[in-house]
Amino acid sequence: MAGRNFLFVPGPTNVPDRVQRAMVVSMEDHRSPDFPTITHQITQGLKRVFKTESGTPFVFPSSGTGCWEAALTNTLSPGDRVLAARFGQFSHLWIDMCQKLGLEVEVVDCEWGTGVPLDVYRDRLEADTDHAIKAVLVCHNETATGVTSDVAGVRRVLDNANHPALLFVDCVSSLASIDLRFDEWKIDMAVSGSQKGLMLPAGLGILCASSKALELRHTARLPRSYFDLDAMITSNKTGYFPYTPALSLLYGLIESLKMIDEEGLDNIFRRHHYLAAGVRAAVQQGWGLQLCAQGPEWYSDTVSAIMVPEGVNGADVIRRAYTRYNLSLGAGLSRVAGKLFRIGHLGDMNEVHLMAAIAGAEMAMLDSGIKVEPGSGVAAASEYWRNTVLL
Ligand SMILES: Cc1ncc(COP(=O)(O)O)c(C=O)c1O
């Protein structure tokens, strides 16, 4: 098909040209005397992205899922109790992993389209007077439904209950796009990946651990080998990795961290909010459709999950967008399969770029029989963006 593919899945995201170019490197010896400079730049850059001075970032050749496992296995033992809310495919999969690893999960099932229920977390933690709950899991941004949860709120709930449980945060689709404050929110393990806000190809699992979490590796009895942080800590200290690092991706990461520093992390959050608000204007005011997220308190600034009307299959919209217009939209996953499509608006993105997704989704919806007013989404987004100053 002529023209470029417009990639609007909520990860992998578009890789900026300069990041692509930075990855075109000859292979080099990852045990050379020069190599620690690379490790050092990455560690320092990631600390800024996580907003941490006390946390320790780790980079694994894996994806986010690997770091879910690293977070759990380096801190917990078989039978340990964890508290976790399930409200979408990714919060579900993390719980599923906990169960497969032999943890006892206190699952709080919530409606898809909502997020972590702070009142339920508060009740469970207050009732847990003997502190059987060892960790509390939060999926900061549920990519399947376009819902952002209040991590700071979970920290407040833990503190108010005087509960010592670890705070684990999945920030796979929020890191470097939605505000996350590792130190201020006293996060113990933050799990992410390279292919979303960091604007890289998939292939790196990114983890940040508190010293409290790292201490637990000495007593945690869940089996681990590849994801054993001990080996990483020992090698990283000298600037090296315990096994062959994904060198090209590391060069890409250095470049993307530079871009993040140049724009400024808080400016990036503001840009994501502004772009997301334009998409929401298209969906709600333009098309008159609903988001899966059930209220503004849950709206995600990195992905919008758009409900299709009864009688229409969301997969049909996605198929038509792809085959006819070369536009890749995100699918509805698991329980919401067919009921929605998603527009990812994270990473390297601006208004006009995002207009392609809005215009293309609108055409694909019309082709699928959804009676939206032609041009209405574009008009609503344009109205929002033209009249809103991005400070
Ligand atoms: C919120 C969230 N958590 C975890 C994952 C899994 O990450 P990965 O696919 O990098 O293993 C994803 C992937 O999209 C995600 O969106």
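**Stop one: an exposed arginine**

Start by selecting R324, which counts as exposed at 56% relative accessibility. Keep in mind as you go that this is a predicted model.

R324 and D367 form a salt bridge, and their closest N and O atoms are 3.3 Å apart. R324 sits in helix α11 (residues 314–325) and D367 in helix α12 (residues 351–367), so this pair ties together parts that are 43 residues apart in sequence. Is D367 buried, partly exposed or exposed? At 28% relative accessibility, D367 counts as partly exposed.

Side chains of opposite charge can pair when their charged atoms come close. The structure holds 24 salt bridges, and a few of them are worth a click.

Select D230 and R217 next. Their side chains meet in a salt bridge, 2.4 Å from N to O. D230 lies in helix α8 (residues 229–237), while R217 is in the loop between α7 (211–215) and α8, so the pair ties together parts that are 13 residues apart in sequence. Show the surface and compare the two partners: D230 is partly exposed, with a relative accessible area of 33%, whereas R217 is buried, at 16%.

Then jump to D301 and R280. This is another salt bridge between side chains, with an N to O distance of 3.0 Å. D301 belongs to the loop between α10 (265–286) and β11 (303–307), and R280 belongs to helix α10, so parts that are 21 residues apart in sequence are tied together here. Are these two residues buried or exposed? Both D301 and R280 are buried.

**Stop three: the ligand**

- T65: a side-chain N or O atom is 2.5 Å from an oxygen atom of the ligand.
- K196: the distance from a side-chain N or O atom to a ligand oxygen is 2.6 Å.
- Q195: a side-chain N or O atom is 2.8 Å from a ligand oxygen.

How much of the ligand's accessible area does the protein cover? On its own, the ligand has 390 Å² of accessible area, and the protein covers 87% of that.

**Last stop: a valine in a strand**

Finish by selecting V147, which is found in strand β7 (residues 147–148). V147 is buried, with a relative accessible area of 0%. What is packed around it? Leaving aside neighbours within four places in sequence, V147 is in contact with G113, T114, G115, H140, N141, E142, A293, W298 and S300.

Notes. Residues numbered from 1 in each chain as written. Predicted model: local features only at pLDDT ≥ 70, side-chain atom pairs only at ≥ 80, totals over all residues. Heavy atoms only, no water. Polar contact = N/O pair within 3.5 Å; in protein donor to acceptor, adjacent residues only side chain to side chain. Areas by Shrake-Rupley, 256 points an atom, 1.4 Å probe, with all protein chains shown as cover. Salt bridge = Lys/Arg side-chain N within 4 Å of Asp/Glu carboxyl O. Helix = DSSP H or I, 4+ residues; strand = E, 2+ residues; numbered from the N terminus. Buried < 20%, exposed > 50% of the residue type's maximum accessible area, 1.4 Å probe, protein only. Contact = heavy atoms within 4.5 Å.
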